[in-house]
Structures are given as C-alpha cells and as structure tokens.
Amino acid sequence: MSPHAATLRRPTLEWFAVTLICVLLTLVAAVEGWLWRIDQTLYDGVLSTWTRPASDDVVIVSIDDASLASIGRWPWSRRVHAALIDVAREAGARAVVLDLLLETASTDDPGADAALARAIRDQGRVVLPLAQATTGAILSGEVHPLGVFADAAAAIGHSQVEFDPDGIARSVYLWEGFGAARHPQLALALLRLIDQDAAGRFPPPPIGEGRDHQHWQRADWLRMPFSGPPGTYTHFSYRAVLSGEVPAEALRGKILMVGATAAGMGDAVPTPTSGLSRPMAGVEVQANVFDALRRGSAVMPLSPWVSAAVATVLVIVLMLILLYAEARAGLMASFILGASAVLLAGLGLHLGGWWFGPAPAVLGCMLAYPLWSWRRLESAQRYLDAELIALEREGTPLGLPSGDAGRGAADPLEQRIRIVRQAAQHQRDVRRFIADTLEHLPIGVVVIDQMDRVILHNERARHLLRAFRSDALLSALRALPWPGYLPMRDGLPDLSGYSGTRQFELTPDKKRYLLVSVADLFSESSSRPGRVIGLADVTAMHEAQRSREDTMHFLSHDLRAPLASILTLIDGYRDDPGLQAEQIPRIGRYARSALDLADGLFRLVRAEGSDPKDFVELDLAGLVDSAADEVWPQANARGIRIEVDTRDAETEEAIVRGDFSLLRRAVINLLTNAIKYGNAGSRVAVSLKAQGTDWIIRVSDQGAGIPAEALPRLFRRFSRIVEEGRDKPSGVGLGLVIVKTVAERHGGSVSVESQAGEGSTFELRLPLRSHAAQPVGA
C-alpha cells in the first residue's frame with residue numbers, strides 16, 4: 001500500500017470507530033435510562049416554559065392560614081363544612097370535591113356528622129376521597145369515608161399521586177385499590193360525574209386481571225400536563241366563601257375543589273412547574289388532573305427506542321459534518337444538533353403530547369466533537385512531530401549556530417516546543433536576513449504574487465517609483481511607459497512562454513531613465529506565475545554618455561579647430577620665414593583659444609569631481625573682492641566700472657563651507673560673462689547679501705539682456721548665446737556650466753533674471769555653514 005493511500009485510510013477508519021462508539025453509547029444510555037435525571041429536568045423545563053391555560057370553571061376553595069385564624073384551630077366542626085356545601089348549593093355550584101378525609105365519627109358533636117351528610121346529599125354532586133391504609137411501611141388496606149358520608153356522596157375516588165425517583169410528582173394512576181384497581185382517581189370520579197362522554201375514554205380495568213388481595217393494585221398510568229405553577233387556578237379563601245364575601249355569581253356553575261393549602265397541614269407536593277416556588281397543594285394537583293382528563297391532553301412518553309433512534313441519526317449527521325467541516329463549524333454543529341434534539345422533544349410535547357428523552361442525543365453530540373477532535377489532533381501531532389524532526393535534522397539556515405543545540409527534554413511536549421521555538425527563530429532570522437539584504441540592494445526590487453499583490457519591496461523601489469504603499473507601488477508599475485509591442489497581463493508585461501529575464505529601458509518622465517527587469521516567479525501551488533521586477537536608475541549613465549558625447553564633440557571640433565589652424569599656418573609658410581613670422585600673432589591667438597578650451601574643460605572636470613568632505617570654512621566677502629580684482633583688467637579694457645557691495649558682511653560674518661578656488665572661479669565666470677556681454681562704458685555690480693539662511697552673490701550688467709527663449713540653454717555644455725548684430729563671443733560655453741556645477745556641489749543654486757535692453761542679473765545662492773544642505777551627488 002502506498003503511503004498516500006495509508007494516509008487516507010487511517011482517518012477514515014478512525015472516523016468509523018468514533019462514530020460507532022458514540023452511537024453505541026447513546027443507544028445504551030437511551031435504552032437503559034442512564035440519563036433519566038437529565039431527561040426529567042429537561043421535561044420539567046419544557047413543561048414550565050409552555051403551559052396551558054387553566055379552566056375558568058374550576059375554582060379552588062382554600063383552607064388557608066386566614067381561614068384558620070378566623071374560624072379556629074383545625075379540625076373544625078363538620079357543621080362548618082356542611083355550611084360551606086350549603087353555600088355552594090345555594091350559589092348554584094356545579095359540583096364539589098371535598099378533598100378531606102372523613103374516616104371517623106365526630107366525638108364532640110354527634111349531630112355534626114348528620115348535618116354534613118345531609119348537606120352532601122342535598123348538594124347531590126359531592127365527591128369524597130379515600131386513601132391508603134398503612135401499618136408502618138406496609139400498605140394494609142384502604143381508608144374510606146365514614147359510612148354516612150359515603151352513602152351521601154355522589155362519587156368516591158382515590159387521591160394518590162406518583163412520585164418519580166427524584167421526588168417530583170409528575171403522574172397518577174387512574175385506577176387504584178387494595179386487592180384490585182377498582183377505585184377511580186379523584187379527578188376521574190369527578191369527571192364521570194360531570195361529563196360521561198369524556199370519562200368514557202378511561203374505562204375501568206377488568207377486576208379479574210391482576211387481582212391480589214394482599215397488595216395495592218394500580219392501572220392506567222397517566223403523566224400530567226400541568227397548567228402552570230402553584231396558584232394558576234382561581235383561589236377563594238374558605239373563610240371568604242363561608243362568610244359570603246365571595247358573590248354567588250362567582251360560584252354559579254363552577255366546580256369547587258375544597259382542600260387544605262395552609263402551611264403545615266396540606267398534602268403539598270413538588271411538581272415540574274413548581275420551580276423554586278412553594279410546592280403545589282394536593283387539591284390543585286387534582287384540579288390539574290381533572291383538566292388533563294377532560295381535555296384528553298395527557299403526556300404520552302414514547303419508547304426509549306425512539307430516543308435511541310433520534311440520538312443515532314443526530315450523531316451520524318454530526319460525524320458527517322465533522323468529517324468535512326472546519327473545527328469552528330463542527331463545534332457550532334455540535335451545539336446546534338444537541339439543541340435541536342431538545343427542541344424536537346419540546347415540540348413533540350406541546351404539539352402532540354409526545355415525549356422522548358433528548359439527553360442521550362445531547363450526550364452523543366457532546367461526545368462526538370471532543371472524541372473526533374482528539375483523533376484529529378493525534379493525527380496532526382504525528383504529522384507535526386515528523387516534520388519537526390525532519391526540520392531539526394536539516395540544521396540551521398544560513399549557517400547560523402543553533403541556540404538550543406545539544407539540549408534535550410524528558411517531556412515530549414517540551415521537546416516539541418523547543419524544536420518549534422528553534423524553527424521559528426530560524427524563520428525570523430531568514431526573514432530578517434532577506435529584508436536587510438533587500439533594503440541594502442543598490443537596485444529597487446518589487447515581488448508580486450500570483451494574485452497581483454505586492455509581497456516584497458525595498459526602499460530603493462519606493463524611491464524610484466515615487467510610491468510608499470503596496471497598492472501605490474503596483475499602480476506606479478502599471479503606469480510606466482511599457483513598450484507597445486509587449487503582451488500585457490494586469491497592466492504588467494506577460495512573459496508567458498519566455499524563460500529568463502527581459503529588460504526594458506523606460507522613461508517615466510523627461511528627466512529620468514529606468515532600466516526595468518521582469519522575470520516570472522513560479523509556485524508549485526499555482527499555475528499562474530507571479531513576477532519579480534528590478535528597477536535601476538540609469539539617468540547618471542545617460543548623463544555621462546551625453547557628457548562624453550559633448551566632450552567628444554568639443555575635442556573633435558572646438559579644440560581641433562585652433563590646433564589645425566596653427567598647423568596650417570606653420571606648414572603654409574614654412575618656406576618663407578618672413579611671412580611665417582608675420583603669422584605668429586595669429587598663431588598665438590589660436591594657441592590661447594586652445595588653452596582656454598583646455599582650461600575650461602579642466603575646471604569643469606575638477607568642479608564635478610569635488611568632494612564636500614574636503615570643504616573648509618571660508619569668507620565670502622574676501623572671495624568676492626578677490627574675484628573682482630581678477631577681472632578688473634578685462635573690465636578696464638572695455639571701460640566698464642565694477643562696483644562691489646559687501647556691506648552685509650560687516651555686521652554678520654559671511655562664512656560658508658566650500659572650496660575657495662572653485663567658488664572664486666564661479667564668481668569670476670559670472671563677472672567675466674557680465675563684462676563680455678555688457679555695453680562698453682557701462683557698469684557691472686557685484687553684491688553679497690544675507691537672505692534667510694543663505695548668502696546670495698548677485699552679478700548685474702547693463703547689456704542688451706538675454707532673450708527669453710535662450711534662458712533654458714544658458715547652463716548647458718558648450719552653449720553660447722549669439723545675439724543678432726553682435727560679434728560671436730569668445731569661449732566654448734563652459735563658464736556658466738562650471739558656475740552651476742560649483743553651486744550644486746556646495747548645496748546651493750544659480751539663477752538668472754534678464755529683460756531685453758536692461759541687462760541681466762545672476763544670483764549664486766550658498767547656504768550658511770550651519771544650514772548647509774547635502775550637496776547633490778554626495
């Protein structure tokens with residue numbers, strides 16, 4: 001047998017075993033009545049929550065504490081009872097049940113018995129009780145009413161009730177007697193007197209069957225459906241009826257059941273509906289029995305096999321649910337099916353008068369879940385033990401030492417906990433290692449799973465995509481300008497059928513270039529691949545390439561041109577020394593032009609390679625003065641006056657961190673530019689001003705100004721502005737590029753404002769030494 005088949009077979013066999021155990025337990029519990037006490041408690045609860053209305057023609061006349069206080073101590077004279085029966089007869093009562101034992105003659109008033117007998121005879125429908133005669137604990141006979149009363153009564157019945165093993169009175173026998181079950185129950189005797197048709201449903205048993213003159217005989221067991229708790233029926237005090245306080249209309253046509261309810265003298269019994277209140281008086285129990293018999297609403301207990309069948313079905317249904325459902329659903333099903341057994345029993349009791357014990361079904365449902373869960377936990381434990389042992393044998397990941405190596409535990413649970421703790425720590429180490437590695441990669445990485453969710457990404461990816469949440473990352477990736485020829489899936493390239501990595505150079509905006517790598521990420525659990533996307537910023541490479549191209553253009557054209565001219569002049573006049581000497585000034589101009597080109601390129605390279613860590617503190621005021629002195633000869637040659645304003649530095653030190661020679665060269669370039677483009681005989685102003693946390697060096701000229709369309713090209717390499725009507729300026733267009741590069745390396749900036757005919761103003765902004773920003777490219 002294959003391991004897979006064995007894995008499937010074992011849980012199935014265990015399921016059958018657990019099902020069989022639960023079914024057998026419920027069957028035995030139902031048939032043997034192991035849970036009878038729980039069933040009786042459930043029966044009492046159901047009966048108490050769904051009662052029937054009491055008959056309004058049944059009235060209880062209570063011999064209560066108030067009557068004893070008014071009439072006197074018990075026993076009363078039988079003339080009192082005669083007077084009560086006369087009141088009932090005069091009021092038109094339908095019948096009277098006198099639930100009092102009248103087995104002896106009155107000794108203090110012999111005429112009282114005759115008076116009571118006459119009242120009973122005159123009323124015509126008086127029912128008297130008989131009781132069991134006992135000698136010690138042995139039933140020895142019957143206690144009948146006194147002969148004069150028995151002859152006068154319309155009917156006699158026994159008032160016995162049955163007590164279950166828990167001491168609760170829930171039923172009666174309709175026929176009882178010593179030697180033979182020939183006496184009807186007291187309520188049945190009343191019913192035979194009131195309603196012959198209803199009483200016909202409960203005929204007397206044949207006297208010949210079960211006749212035994214030495215034992216008390218019983219027949220026709222009846223379980224009572226009580227109308228409610230004690231006090232449900234209308235109660236009138238014996239004293240109130242006797243004194244006329246109760247109007248005759250309240251007694252007319254009623255069935256009066258007279259009995260003792262005073263504390264200490266009544267035959268009160270606990271009933272299913274008593275609950276935590278007082279027990280129910282015997283006379284009210286008789287009222288409940290009478291109502292049940294008249295309505296034909298007795299409770300019919302079903303066979304224990306019905307309870308067993310219901311329990312078996314529910315247990316099998318529950319086990320089928322547990323086989324396929326999750327643990328939470330199985331737990332809910334256990335409670336629901338157990339409650340449904342109780343509900344089914346309650347519905348049967350109130351709708352059809354049938355009752356079966358639901359406790360075995362509840363027991364089966366409550367046992368099925370823990371037993372099956374135990375077996376499932378055992379299976380899970382075996383599997384986890386095997387996996388934990390295999391995991392421990394594999395060793396630690398990444399070559400990390402085991403913190404619990406060599407330790408053992410006598411307790412198997414402690415051993416498992418140790419292995420799980422070690423595996424969890426290793427997992428955390430791996431995740432931390434992966435996260436740290438990912439964060440320190442020089443490229444951006446985004447990992448997308450099969451459901452198009454971002455599961456991994458690093459800071460570089462967030463920076464390159466300008467997104468800082470997982471959903472924003474996915475949206476930013478989909479918004480990239482992917483090539484139109486690519487097949488797409490969910491807004492990203494679909495690499496289906498392509499093994500390996502594909503790379504694309506994309507431009508999310510005009511200033512940046514991204515090299516994007518896309519590869520599929522496959523999983524054994526899904527046929528749909530995820531994706532791994534790498535992002536590298538190649539903008540600097542593009543800038544370097546453009547710089548190289550510009551430099552090559554410079555070397556091949558601007559620098560090559562003067563050198564070629566020099567060689568041409570030398571070679572052209574080689575044979576005529578006189579003419580050759582005349583070309584020396586021209587050769588000098590070409591040589592100085594080539595030298596200026598080389599110097600400009602050198603200064604630009606030096607500015608781009610400056611290291612902010614080598615910067616020192618310097619005074620801008622002295623730097624500005626030195627730069628102005630440097631360009632004075634050029635200005636004087638054109639008749640231009642240079643005005644220097646560094647008054648702000650007199651009140652506050654103009655100290656910044658930087659490279660003195662580079663900053664001086666930047667200011668010189670701005671001044672040279674102003675002299676070159678300014679009008680002859682005009683003025684060039686250079687000032688040093690404090691503004692917030694910055695120092696600003698302004699250089700203004702009085703030239704023709706710069707056209708607005710030319711402003712964007714000012715700070716580009718080898719860019720020169722040639723105005724119409726003016727000579728082409730000298731230089732190669734590196735001066736302002738050097739200024740821009742120096743400013744950015746010092747954490748500052750350069751800007752220009754110009755209007756046609758009014759000149760231009762350049763601003764070199766540098767931060768204070770305590771507020772210096774991180775230089776670009778540092």
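What is the handedness of the crossing where α21 passes α23?

## The α21/α23 crossing

It's right-handed: that is how α21 goes past α23. Keep in mind that this is a predicted model. The two helices cover residues 620-637 (α21) and 660-677 (α23), and their axes come within 9 Å, crossing at roughly 40°.

On the α21 side, the contact is made by L623, S626, A627, A628, E630, V631, Q634 and A635. Helix α23 brings F660, L663, R664, V667, I668, L671, T672 and I675. Sorted by type, the residues of this contact come out as 11 nonpolar, three polar and two charged.

The largest nonpolar core has 65 residues. Those with the most contacts inside it are L174, L188, L190, L191, M257, L293 and M319. Take L293: leaving aside residues up to four places away in sequence, it touches L174, A187, L188, L191, R201, F202 and L222.

Another core lies apart from that one, with 43 residues, including V684, V742, A743 and L764. As a general point, nonpolar side chains tend to be buried together in soluble globular proteins.

## A look at A198

A198 sits in helix α8, which spans residues 196-199. Is A198 buried or exposed? Its relative accessible area is 4%, so A198 is buried.

Not counting residues up to four places away in sequence, A198 touches L191 and R294. There's also a C-alpha separation of 7.9 Å between A198 and G296, which are 98 residues apart along the chain.

Note on methods: Residues are numbered from 1 along each chain as its sequence is written. This is a predicted model: local features need pLDDT of at least 70, side-chain atom pairs count only at pLDDT 80 or more; totals for chains, interfaces and linings use all residues. Side-chain values use heavy atoms; hydrogens and water are left out. Helices (H or I, at least four residues) and strands (E, at least two) are DSSP runs, numbered from the N terminus. Buried means under 20% relative accessible area, exposed over 50%, partly exposed in between (1.4 Å probe, protein chains only). Contact means heavy atoms within 4.5 Å. Axes are lines fitted to C-alpha atoms, for helices over the stretch in contact, and angles run from 0 to 180 degrees between N-to-C directions. A crossing is left-handed if the near helix is turned anticlockwise from the far one by less than a right angle, and right-handed if clockwise. Ala, Val, Leu, Ile, Met, Phe, Trp, Tyr, Cys and Pro count as nonpolar, Asp, Glu, Lys and Arg as charged, and the others, Gly among them, as polar. A nonpolar core is a set of buried Ala, Val, Leu, Ile, Met, Phe, Trp, Tyr and Cys residues joined through side-chain atoms within 4.5 Å.
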